[in-house]
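Here is a friendly briefing to read beside the sequence and the 3D view. Please keep both open as you go through the points below.

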Amino acid sequence: LVEVTSTVSRRESEQLEQLLAEIRACQICEEHLPLGPRPVVVASASARVLIAGQAPGTKVHESGIPWDDASGDRLRGWLAVDRSTFYDPVHIAIVPQGFCYPGNAGSGDLPPRPECAATWHNRLLAQLPNVELVVAAGRYAQEFHLGDCNRKTLDETVRAWRDFLPAVVPVPHPSWHNNRWLQLNPWFENETVSYLRRRVKCLLGVK
């Protein structure tokens, strides 16, 4: 990795650490969480890439490590980064829409709890001044980061990925639920993933 140049002051770093401590102690929606609160978020004021996902699954809840599952393996493959790079907060911030595991809905997990974004996201993102690229994985992250520019469906949003450059690249959630979509849409790997790899390499200096 190349050395990251930023204008982050010691005071700004301390303010971010204080905010992260508040987030990790959050119990706002405790009564709605079947496994209890365990906020999972990684951030540094020097990060240039932001991974915006949906919410932790049970494995991530247990380990406290974001994207610590097969979906994370696929996502790291899309970005062409190894685990040490992916989990280095100096370079990559990981901020899901919901910080805690929301529970199961039968065929998959429940949506992220809305309290997280309403309470924390604007404050947290304001303290990440060096982020140049948001990788928005899944519909909930795309709705938040694209706002009124988000399309009616995830498929439409992902197909229109060039419209949101250079700030945001929308991608489907890298879970097995989307295997069929990926098989039917080889352009995603050929075009979007190829772009992501080049952009991440440029931003992080990955060899």
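A salt bridge here is a side-chain nitrogen of Lys or Arg within 4 Å of a carboxyl oxygen of Asp or Glu. Glu191 and Arg162 form one, with their closest N and O atoms 3.1 Å apart. This is a predicted model, in which local features need pLDDT of at least 70, side-chain atom pairs count only at pLDDT 80 or more, and totals for chains, interfaces and linings use all residues. Residues are numbered from 1 along each chain as its sequence is written, and side-chain values use heavy atoms, with hydrogens and water left out. Helices (H or I, at least four residues) and strands (E, at least two) are DSSP runs, numbered from the N terminus. Buried means under 20% relative accessible area, exposed means over 50%, and partly exposed lies in between (1.4 Å probe, protein chains only).

**Salt bridges**

- The count of salt bridges comes to ten.
- In the Glu191 and Arg162 pair, Glu191 sits in helix H9 and Arg162 in the loop between H7 and S4, 29 residues apart, so the pair links distant parts of the chain.
- Glu191 is partly exposed at 33% relative accessible area, and Arg162 is partly exposed at 48%.
- Glu132 pairs with Arg48, and their closest N and O atoms are 2.7 Å apart.
- Glu132 lies in the loop between helix H5 (114-126) and S3, while Arg48 lies in the loop between H1 and S1, so this bridge ties together parts that are 84 residues apart in sequence.
- Both ends have a partly exposed setting, with a relative accessible area of 37% for Glu132 and 23% for Arg48.
- Arg151 and Asp163 meet through their side chains in a further salt bridge, at 2.6 Å from N to O.
- Arg151 belongs to the loop between helix H6 (139-146) and helix H7 (154-159), and Asp163 to the loop between H7 and S4, twelve residues apart.
- Arg151 is partly exposed at 30% relative accessibility, whereas Asp163 is exposed at 52%.

**Nonpolar cores**

- A nonpolar core is a set of buried Ala, Val, Leu, Ile, Met, Phe, Trp, Tyr and Cys residues joined through side-chain atoms within 4.5 Å.
- The largest one has 28 residues, and the members touching the most others are Ile51, Leu79, Phe86, Val135, Val171 and Phe188.
- At least two residues of this core come from each of S1, helix H3 (70-79), strand S2 (92-94), strand S3 (133-137), strand S4 (168-171), helix H8 (179-184) and H9.
- H9 gives the largest share, with eight residues.
- A second, separate core of 25 residues includes Ala43, Leu50, Leu124 and Val134.
- Leaving aside neighbours within four places in sequence, Leu79 is in contact (heavy atoms within 4.5 Å) with Ile51, Phe86, Val135, Leu196, Arg197 and Val200.

- Thr192 is found in helix H9 (residues 187-204) and is buried, with a relative accessible area of 0%.
- Beyond its neighbours within four places in sequence, Thr192 contacts Trp161, Val169, Val171 and Trp187.
- The C-alpha atoms of Thr192 and Val158 are separated by 8.8 Å, although these residues are 34 apart along the chain.
- Ser46 lies in the loop between helix H1 (10-24) and strand S1 (49-52) and counts as buried at 11% relative accessibility.
- A polar atom of the Ser46 side chain lies 2.8 Å from the backbone oxygen of Val90.

**Cysteines**

- A disulfide is a pair of cysteine sulfur atoms within 2.5 Å, and a search of the whole structure finds zero.
- The sulfur of Cys29 is 5.4 Å from the closest cysteine sulfur, in Cys116, which is too far for a bond.
- Cys29 is buried at 7% relative accessible area, while Cys149 is partly exposed at 47%.

**Backbone details**

- Most residues other than glycine have a negative phi, and most peptide bonds are trans.
- Leu165 and Pro166 are joined by a cis peptide bond, with omega about 5 degrees, and Pro166 lies in the loop between H7 and S4.
- Trp67 has a positive phi, near 55 degrees; Trp67 lies in the loop between helix H2 (58-63) and H3 and is buried at 10% relative accessibility.
- Ala80 also has a positive phi, near 60 degrees; Ala80 is placed in the loop between H3 and helix H4 (83-86) and is partly exposed at 42% relative accessible area.

Definitions and conventions. A polar contact is a pair of N or O atoms within 3.5 Å; within protein, one must be able to donate a hydrogen and the other to accept it, and residues adjacent in sequence count only if both atoms are side-chain atoms.
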